[in-house]
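Biologist: Could we go through this model together? I would like to begin with the sheets and then turn to the helices.

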Amino acid sequence: MESFDIIVVGMGPGGEHVANTLAERGLRVLGVDHGLLGGECPYWGCIPTKMMVRAADALAEARRVDGLAGSVADVTPDWSLVARRIRDEATDGWDDQVAVERFTQKGGTFLRGTGRVVGPGRVDVDGRPYAAGLGIVVNAGSRAATPPIEGLDKVPFWTNHEFAEATALPGSLVVLGGGAIGCELAQVAARFGTTVTVVESAPRLLSPEEPEASERIATVFEREGITVHVGSAAATVAASPTPGEADQVEVTLEDGTVLRAERLLVATGRRTDPGAVGLGSVGVAADARVAPTDEWCRVAPGVWAVGDITGKGAFTHVSMYQAAIVVRDVLGEAGPLADYRAVPRVTFTDPEVATVGLTEAQARDQGVEVRTGFTALGSTTRGWIHGVGGDGFIKLVADPGRGLLVGATVMGPAAGEVIGALAVAVHAEVPLDRLRSMIYAYPTFHRGIEDALADLDQRS
């Protein structure tokens with residue numbers, strides 16, 4: 001049985017970081033992945049989708065020139081430019097050779113195969129056993145969830161993978177799922193000329209976010225010609241009843257509405273499977289949807305987990321945060337333990353929706369004596385200057401008893417950047433009095449934080 005110091009099962013961003021760092025530090029590291037080294041983020045997730053968003057936003061900005069800076073006679077979308085950039089700049093044609101070489105040049109060993117934990121210090125890769133002297137790190141990731149809709153298994157459909165690899169977009173698209181992925185891709189497609197319909201079974205789009213964000217993104221979608229159906233899930237899916245028609249798929253909703261489109265995009269969330277990677281062999285329950293971890297990201301003695309499989313947030317930044325903790329634990333180095341009170345997340349629609357910590361509803365559910373502060377972005381000087389395309393708000397969620405923020409949401413241009421200041425406030429438990437006494441640059445979007453604090457005071 002070949003032996004290594006550390007075996008990393010799943011080489012997504014967090015696993016790759018652990019493997020590269022420990023190899024650099026002189027440990028014998030085996031990295032295992034059945035797919036591309038780097039995982040979802042660089043090939044089908046964060047990087048290519050944000051390239052799409054950047055391109056779609058450029059089209060939207062061009063269409064906003066009228067009334068601001070002059071006139072634009074025609075804005076002509078060309079998806080081939082986006083597809084080429086994704087292929088050539090982001091994914092190397094979905095080839096991970098550069099990433100593999102980066103790892104092996106540091107002294108690591110990479111195996112393309114399916115790894116499975118079979119006990120403490122032992123991993124099976126496609127029937128071959130390997131031993132890990134110091135331990136195992138699991139970064140198994142997640143995959144697109146396929147909802148149990150009648151007929152879906154008989155109709156070809158897209159997930160974010162097929163969307164990212166598309167060399168052309170369809171003339172019409174039904175998107176199942178009004179969460180972050182569904183909303184981002186729906187808006188991208190619509191801005192490139194696709195007729196888009198979004199179906200969300202929850203009562204509103206972006207249901208984990210503040211209701212104010214849901215209301216505003218629905219208004220934006222309506223303005224951009226995106227049709228939205230909320231509160232009614234897809235009941236059946238079938239191929240078009242008329243062969244040869246451009247519309248290839250027919251979706252019937254629970255309320256009887258029938259939708260037809262050339263393509264169907266399924267964006268109803270992602271799922272993890274701790275059992276599939278063998279974590280049952282180290283004590284994880286057979287029916288567990290995530291792998292329970294402690295403050296060092298340990299699942300069991302000598303077994304760590306990072307990324308989606310931990311259930312702490314399906315974001316690359318969470319996986320990388322956890323990876324740093326695991327590296328310190330393996331090397332016996334001191335450092336802060338895992339703290340998930342201030343996990344930021346951003347939906348890269350236009351306007352962006354960025355959140356950190358708790359929403360108002362989550363805080364109330366946890367028994368916090370909640371007080372909120374709110375300001376519409378358009379009422380700030382920078383929002384007024386920005387004009388068209390400046391939809392949004394800043395909402396603060398405070399615990400007045402402790403004099404602290406426990407959460408915040410920013411919706412608007414560059415909301416993902418503005419949320420950084422509020423993430424620091426929540427994570428570092430900056431007192432509200434200190435936030436009130438800060439100097440906020442003028443005229444900026446983040447100065448709206450000061451306005452939201454003033455509103456918070458008025459509600460006290």
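Biologist: What is the strand order in the open sheet of four strands, and is the pairing parallel or antiparallel?

Modeller: In this predicted model, the order is E10-E9-E8-E14, and the pairing is parallel. The edge strands are E10 (227-230) and E14 (263-266), each of which pairs on one side only. On average, neighbouring strands of this sheet are turned by 15 degrees against each other, direction ignored.

Biologist: How many bridges join E9 to E10?

Modeller: Strand E9 (residues 195-200) is joined to E10 by four bridges, and the two run parallel. In one of the pairs, Val-199 has His-229 in E10 as its bridge partner.

Biologist: Which strands of the sheet does H7 touch?

Modeller: H7 packs on the sheet and touches E8 (172-176), E9 and E14. The direction of H7 makes about 165 degrees with that of E9.

Biologist: And what is in the largest nonpolar core?

Modeller: That core has 65 residues, and Ile-6, Val-29, Met-52, Trp-79 and Phe-163 are those with the most contacts inside it. Helix H7 (residues 180-191) supplies the largest share, six residues.

Biologist: Which residues does Trp-79 touch, leaving out those up to four places away in sequence?

Modeller: Trp-79 touches Met-52, Phe-163, Ala-166, Thr-167, Ala-168, Leu-169, Val-188 and Phe-192. There is also a second, separate core of 26 residues, which includes Val-356, Val-418, Tyr-440 and Phe-445.

Biologist: Changing topic: at what angle do H3 and H4 cross?

Modeller: The axes of H3 (residues 46-63) and H4 (residues 79-90) cross at roughly 150 degrees and come within 10 Å. Angles over 145 degrees count as roughly antiparallel, and the two helices are therefore roughly antiparallel to each other. The crossing of H3 past H4 is right-handed.

Biologist: Which residues meet there?

Modeller: From H3, Ile-47, Pro-48, Met-51, Met-52 and Ala-55 take part; from H4, they meet Trp-79, Val-82, Arg-85, Ile-86, Glu-89 and Ala-90.

Biologist: What is the order of strands in the open sheet of five?

Modeller: The order is E18-E19-E22-E21-E20, with antiparallel pairing. Strands E18 (344-347) and E20 (371-376) are at the edges, each pairing on one side only. The twist from one strand to the next averages 10 degrees.

Biologist: How many bridges do E20 and E21 share?

Modeller: E20 pairs with E21 (residues 393-399) over six bridges, in the antiparallel sense. Phe-374 has Lys-395 in E21 as its bridge partner.

Biologist: Which helix lies across E19, E20, E21 and E22?

Modeller: That is H8 (residues 211-223), which runs at about 170 degrees to E21.

Terms used. Residues are numbered from 1 along each chain as its sequence is written. This is a predicted model: local features need pLDDT of at least 70, side-chain atom pairs count only at pLDDT 80 or more; totals for chains, interfaces and linings use all residues. Side-chain values use heavy atoms; hydrogens and water are left out. Two strands pair if DSSP finds at least two bridges between them. Axes are lines fitted to C-alpha atoms, for helices over the stretch in contact, and angles run from 0 to 180 degrees between N-to-C directions. Contact means heavy atoms within 4.5 Å. A nonpolar core is a set of buried Ala, Val, Leu, Ile, Met, Phe, Trp, Tyr and Cys residues joined through side-chain atoms within 4.5 Å. Buried means under 20% relative accessible area, exposed over 50%, partly exposed in between (1.4 Å probe, protein chains only). Angles under 35 degrees count as roughly parallel, over 145 as roughly antiparallel, 65 to 115 as roughly perpendicular and the rest as oblique. A crossing is left-handed if the near helix is turned anticlockwise from the far one by less than a right angle, and right-handed if clockwise.
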